Amino acid sequence: MEQSVKNMRVAVYPGSFDPVTNGHLDIIHRAAKVFDKLIVAVLNNTSKNPLFSLEERMELLRLATKDLPNIEIDGFRDLLVNYMRDRQAYVVVRGLRAVSDFEYELQMASTNRKLSDEVETFFMTSTPQYSYLSSSIVREIAKFHGPISELVPPEVEEALRVKYPTSLGKS
Ligand code: ADP
């Protein structure tokens, strides 16, 4: 049965995804089962200096999620609550890896709630095998040509090989 957009449970999973890791993908797969539609929103954050451009990060996410029918990959540069209002979505999904994520996430969730009382944040705890995994750790290992095949999908592994054709450990 067709559901109208208004009745659909749409959630937004925002982040930098520089690049997408298996930890992000674990959250995406699990959240896609809970919500009718999940918008993965890639932040075009000019204050961070990303390794991958916004387009590259979005393309890698598209490739890594191509088997999931209810996922949309989008980019945003606005305040998250403004973006969500534009997309008529009121649920934010975030992943929690360790206690160290908690303080920052609490601050973000509380701020978003202050900015818009329509927005709710849902936290999903990471699967234990990914609880240490972050994009920055992957970038660091890739820089020195360390093994990353269990940390990222194959297209990201390939893209990192292109970014770092020679190991920065060898001079
Ligand atoms: P940001 O720069 O907004 O933290 P990230 O791309 O680093 O963006 O992360 C986006 C979201 O995914 C955050 O909620 C983060 O906690 C979560 N996340 C990142 N890595 C993992 C992981 N390994 N397991 C579960 N959640 C994760």
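This tour goes from the ligand to its pocket and then to one loop.

The model is predicted, so local features need pLDDT of at least 70 and side-chain atom pairs count only at pLDDT 80 or more, while totals for chains, interfaces and linings use all residues. Residues are numbered from 1 along each chain as its sequence is written, and side-chain values use heavy atoms, with hydrogens and water left out.

**Ligand shell**

Helices (H or I, at least four residues) and strands (E, at least two) are DSSP runs, numbered from the N terminus.

**Polar contacts**

Now show N and O pairs within 3.5 Å. At H24, a side-chain N or O atom is 3.1 Å from an oxygen atom of the ligand. At R97, a polar side-chain atom lies 3.3 Å from a ligand nitrogen. Taken alone, the ligand exposes 550 Å², of which the protein buries 90% (Shrake-Rupley method, 1.4 Å probe).

**Pocket**

Hide the ligand: the space it takes is the largest pocket (more than half of its atoms lie within 2 Å of the grid points). A pocket is an open set of points on a 1 Å grid over the protein atoms alone, where a 1.4 Å probe fits, with protein on both sides within 12 Å along at least five of seven lines; lining residues have an atom within 4 Å of a point.

Select the 43 lining residues; P14, G15, S16, K48 and R94 lie nearest the centre. The lining divides into 19 nonpolar, 15 polar and nine charged residues. α4 gives the most, with eight residues.

**Loop between β1 and α1**

Finally, select F17, which lies in this loop. Its phi is positive, about 50 degrees, although F17 is not a glycine. P19 is in the loop between β1 and α1, and a cis peptide bond joins D18 and P19, with omega about 0 degrees. Most residues other than glycine have a negative phi, and most peptide bonds are trans.

Conventions. A polar contact is a pair of N or O atoms within 3.5 Å; within protein, one must be able to donate a hydrogen and the other to accept it, and residues adjacent in sequence count only if both atoms are side-chain atoms. Ala, Val, Leu, Ile, Met, Phe, Trp, Tyr, Cys and Pro count as nonpolar, Asp, Glu, Lys and Arg as charged, and the others, Gly among them, as polar.
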